[in-house]
Amino acid sequence: MPWYLYLALKQLFPSGKWLSFFTAISILGVALGVATLVVTNSVMGGFGYEIRRMIIDTQGDVQIRARSLIEDSGPLLSSVAKVPGVVGVTPFAEGVGMLEYGRKPAFPLIQGVDVNRVNDVIPLSRFIRVGSLDELDDDTVILSSQLAYSLGVHIGGKVTISSPLLIERLKNDEVFLPRELVVVGIFEIGHQQLDSNTVLVTLRRMQDLYGLGEAIHGVNVKIADGLDADAMAARINAVLPEASDMRAHSWINANSEFLFVLQMEKNLVSILLLFIILVASFSIMSSLLTTVVRKTREIGLLGALGGRSREIAACFCVQGFLIGLIGTGTGLALGFGFLHLRNDILLLFTRLTGSQEALERFYQFSNVPAHMESADLVMIVVGTIVISTLAGIFPAWRASRLNPVEALRNE
Amino acid sequence: MSDAVARNVLGGSAMSNFILKACDLHKTYLSGERRLEVLHGVSLSVSDGESVSIRGESGSGKSTLLHLLAGLDVPDSGTVHWEGVPDTGARQRARFLGMVFQSFYLIPELDAVGNVLMAARVAGKVGAIERQRAQDLLARVGLSERGHHLPSQLSGGERQRVAVARALMNAPRLILADEPTGNLDEKTGDSIIDLLLGLCSEQRIALVLVTHNAVHAARTARMLFMRDGVLQNTNL
């Protein structure tokens, strides 16, 4: 091992001690910066990831919609299903309705799904907490968890659903009776808005409620893993009838502004938090400069022993690098440890502050999501180590510029 | 001092085979607006295994001369040759020279063995042989049981013994000692000088000893005196 590396290690971790006070403080500074970056980046990334996952899980990768109703969906479904890369298609109809149970009303979003096809695109079965999707037919309904909870309805309970068609029929002196449906399931997606106000019925029941006949509102499409959603949307558009006003949009395109805001928010927070690392690097620089001053005579001695200026510089540069390396490792452990316990910590915090409901209402998620892109992790690790090493360069330069004679005379 | 004296000093030794040869060294320092000439054409030759002492008043230029001889500083004019070669660079210094200072200059984070081995590390080689030599040297200076003590756990005399062992680590041809007893009590100082002279004689290493102590100086083979930047041979 070169002497400058050996001495750098010994100055950071002296014989008979775990580490020096200066090392501990410098490592802690870097570690806290890295941990904060990891936690913030993961949580911000987690919110974005959950939102993206939820969009895909509830809409598919690509969605075909038209400004008018889509009549005769059969040929459309078969032509889209034949597009290479498409692994599932399912039609849907949706709208707001009035749901009543035990004289308690609610105005949920009603989703009409094709029970035979929906699982090819949307993993609904995965979200069913009580009951079964197999039980869903034209006389049954599945409610979202918080809606069921707020209405106090259980499996087997009977709810009545009516739609705006009721008013339209009344204008013509016709009566459209609300449909009585049996609750056969309760689902929970993990998104507060969807979980609090959504109802699933069969497509036929939705067509009946809205008087659509055989028409649908759109088609959700699932594509094979790894394919680009935008490219697939373009391929699907190519097979849509030219005369129709139907368009396929990828989930990215359909939510582009929202996704841009999410990414921008995450980037801005990362840039702001990068200042923590910069502050830590100044702390490293300041500590190493102090060390250079404190060890001036030792630097002179190293010259007298035959050490070259560049080796003396390397000794201090290596210290900056090692502090960055160990600080980053410690910060990653702290950060991922915190993320592992994030829900327990949040629970404790919300209990202490009584803010659990507000949190769920505003942030839509019952648990704190966390997701770290590997590129972000690499950027944090490499960026921190580079900044820490750079922080060691100025003290190293100062040390290498010391004249051994003046250094030895230093009092 | 005249050039004649300087020449006299240069040829002061009866021995040939100079391992250190300094010719006509001049050195000036700026002090504010004034230029202070610290060395006025100093010449000095030291033969293999010879011990030379340099005494002089504070500020007479002893330490400046020692730094020039060690290649740590550059003369305004004049030359320094080690073993007949004008190379006094860092790599050559690690192999050729050992230095002992008044303030010991041990590295506080390293134990005694580590400090002794540091000289070998800087010279570029630390293996089993060097480790054994470091242990042997510590035993030779009477610190075989204190090898794993940090400098802060050693007395002043013990620290200087470690510094002597470090100076000997790379089996140098020359040791430059700059007031090695200056921070020690008389008894400890005497023992350090005994050790330095004994080891240098035993291992045939030349020694240039800068000291204020006339008794210590008298124990070297040749005594020189520095006055106002000029080296005088007190044996004459």
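1. Asp208(A) is partly exposed, with a relative accessible area of 25%. Here buried stands for under 20% relative accessible area, exposed for over 50%, and partly exposed for what lies in between (1.4 Å probe, protein chains only). The partner of Asp208(A) in a salt bridge is Arg205(A), at 2.5 Å from N to O. A salt bridge is counted when a side-chain nitrogen of Lys or Arg is within 4 Å of a carboxyl oxygen of Asp or Glu. Arg205(A) is buried, with a relative accessible area of 11%. Because the two residues are three apart in helix 9 (residues 203–209) of chain A, about one helical turn separates Asp208(A) and Arg205(A). Helices (H or I, at least four residues) and strands (E, at least two) are DSSP runs, numbered from the N terminus.

2. A word on the basis of these values. This is a predicted model, in which local features need pLDDT of at least 70 and side-chain atom pairs count only at pLDDT 80 or more, while totals for chains, interfaces and linings use all residues. Residues are numbered from 1 along each chain as its sequence is written, chains are lettered from A and ligands numbered from 1 in the order in which they are written, and side-chain values use heavy atoms, with hydrogens and water left out.

3. Chain A has a two-part division: domain 1 (3–51 + 258–409) and domain 2 (86–223). The bounds come from an automatic or database domain assignment. Between the C-alpha centres of domain 1 of chain A and domain 2 of chain A there are 52 Å.

4. How many residues does each chain bring to the contact? Chain A brings 24 residues and chain B brings 26 residues, where contact means heavy atoms within 4.5 Å. About 2,300 Å² is buried between chain A and chain B, and carbon and sulfur atoms give 63% of that area. Buried area is the accessible area (1.4 Å probe) that two parts lose on being put together, summed over both. On the side of chain A, Tyr6(A), Leu301(A) and Leu305(A) lose the most area to chain B, together 24% of what that side buries.

5. Four residue pairs are in polar contact across the interface of chain A and chain B (both at pLDDT 80 or more). A polar contact is a pair of N or O atoms within 3.5 Å; within protein, one must be able to donate a hydrogen and the other to accept it, and residues adjacent in sequence count only if both atoms are side-chain atoms. On the side of chain A that touches chain B, the elements giving two or more residues are helix 1 (3–12), helix 13 (296–305) and helix 18 (404–409) of chain A. Helix 13 of chain A gives the most, with seven residues. The residues of this side of chain A divide into 11 nonpolar, six polar and seven charged. In this division Ala, Val, Leu, Ile, Met, Phe, Trp, Tyr, Cys and Pro count as nonpolar, Asp, Glu, Lys and Arg as charged, and the others, Gly among them, as polar.

6. Two salt bridges are counted between chain A and chain B. In one, the side chains of Arg91(B) and Glu311(A) meet at 2.6 Å, N to O. In another, the closest N and O atoms of Lys295(A) and Glu109(B) are 2.5 Å apart. This pair crosses between chains, from Lys295(A) in the loop between helix 12 (256–294) and helix 13 of chain A to Glu109(B) in the loop between strand 5 (97–101) and helix 4 (112–123) of chain B. Lys295(A) and Glu109(B) are both buried. Side chains of opposite charge can pair when their charged atoms come close.

7. Over all chains the count comes to 20 salt bridges. Arg173(B) and Glu83(B) form one of them, at 2.5 Å from N to O. The pair links distant parts of the chain, 90 residues apart: Arg173(B) is in the loop between helix 6 (156–168) and strand 6 (174–178) of chain B, and Glu83(B) is in the loop between strand 4 (77–82) and helix 3 (90–96) of chain B. Arg173(B) is partly exposed at 26% relative accessible area, and Glu83(B) is partly exposed at 28%. Salt bridges that share partners join Asp48(B), Glu83(B), Arg95(B), Arg173(B) and Arg204(B) into one network.

8. Asp178(B) lies in strand 6 of chain B and is buried, with a relative accessible area of 13%. Leaving out residues up to four places away in sequence, Asp178(B) touches residues including Ser63(B), Leu66(B) and Val210(B). The side chains of Asp178(B) and Ser63(B) make a polar contact (3.3 Å).
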